[in-house]
Amino acid sequence: MRSVDVNDPVARTAFYCCILRADDAAKPEPWCNDTLAARFVDEVHRRDLAGALRLKNPAAANLGRHYIVDGLVRQHLAADPGRRVILLGAGFDTRAFRMRGGRWFEIDDPPLLGVRQAIAEYWPRWEPKFWRYDGPYGTQVWRRERRRAA
């Protein structure tokens with residue numbers, strides 16, 4: 001699964017945040033309960049980021065922010081299930097798979113989006129309406145509209 005260089009600063013941020021959410025989901029009383037996050041990380045990523053993962057205050061702030069954003073997105077999607085949701089610097093965010101509703105547009109570095117697409121296509125409870133990569137100057141956009149599989 002190691003197709004993205006963890007030493008790239010953008011990738012380091014994506015893996016760091018994902019590890020925090022995966023560890024949180026494994027707790028008896030998780031804040032975010034992102035049970036999909038663990039699919040993106042392995043022990044090599046954990047070892048590479050061990051120094052940053054030991055810092056408890058930044059980790060708590062990161063999870064707190066994720067919890068708050070989850071609540072706000074759920075609130076808006078409950079009021080308008082067809083609402084457009086744009087994730088800039090999506091990393092390994094799994095909200096489009098965990099939340100009902102929304103028209104999701106995720107923007108990030110092409111290698112990260114490639115890892116996301118490869119893993120997400122194997123999640124059986126979701127079925128893509130369409131996938132598309134496009135964008136000027138090498139910047140790629142993974143545009144996805146999801147619906148719950150029957």
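Does Arg-95 count as buried or exposed, and at what relative accessibility? In this predicted model, Arg-95 has a relative accessibility of 6% and therefore counts as buried, since the term applies to residues under 20%.

The side chain of Arg-95 takes part in a salt bridge with Asp-70, in which the closest N and O atoms lie 2.5 Å apart. This pair links distant parts of the chain, with Arg-95 placed in helix H5 (residues 95-98) and Asp-70 in helix H4 (residues 56-79), at a separation of 25 residues. Asp-70, like Arg-95, is buried. Arg-95 also forms a salt bridge with Asp-93, for which the closest N and O atoms are 2.3 Å apart; Asp-93 has a relative accessibility of 8% and so counts as buried.

A further salt bridge joins the side chains of Asp-34 and Arg-21, with an N to O distance of 2.7 Å. Here, too, distant parts of the chain are linked, as Arg-21 belongs to helix H1 whereas Asp-34 lies in the loop between helix H1 (9-25) and helix H2 (43-48), the two residues being 13 apart. Asp-34 counts as buried because its relative accessibility is 0%, and Arg-21, at 5% relative accessibility, is likewise assigned to the buried class.

Arg-21, Asp-34, Asp-70, Asp-93 and Arg-95, together with Arg-98, are linked in a network of salt bridges. For the model, the count of salt bridges comes to seven.

Notes
Residues are numbered from 1 along each chain as its sequence is written. This is a predicted model: local features need pLDDT of at least 70, side-chain atom pairs count only at pLDDT 80 or more; totals for chains, interfaces and linings use all residues. Side-chain values use heavy atoms; hydrogens and water are left out. A salt bridge is a side-chain nitrogen of Lys or Arg within 4 Å of a carboxyl oxygen of Asp or Glu. Helices (H or I, at least four residues) and strands (E, at least two) are DSSP runs, numbered from the N terminus. Buried means under 20% relative accessible area, exposed over 50%, partly exposed in between (1.4 Å probe, protein chains only).
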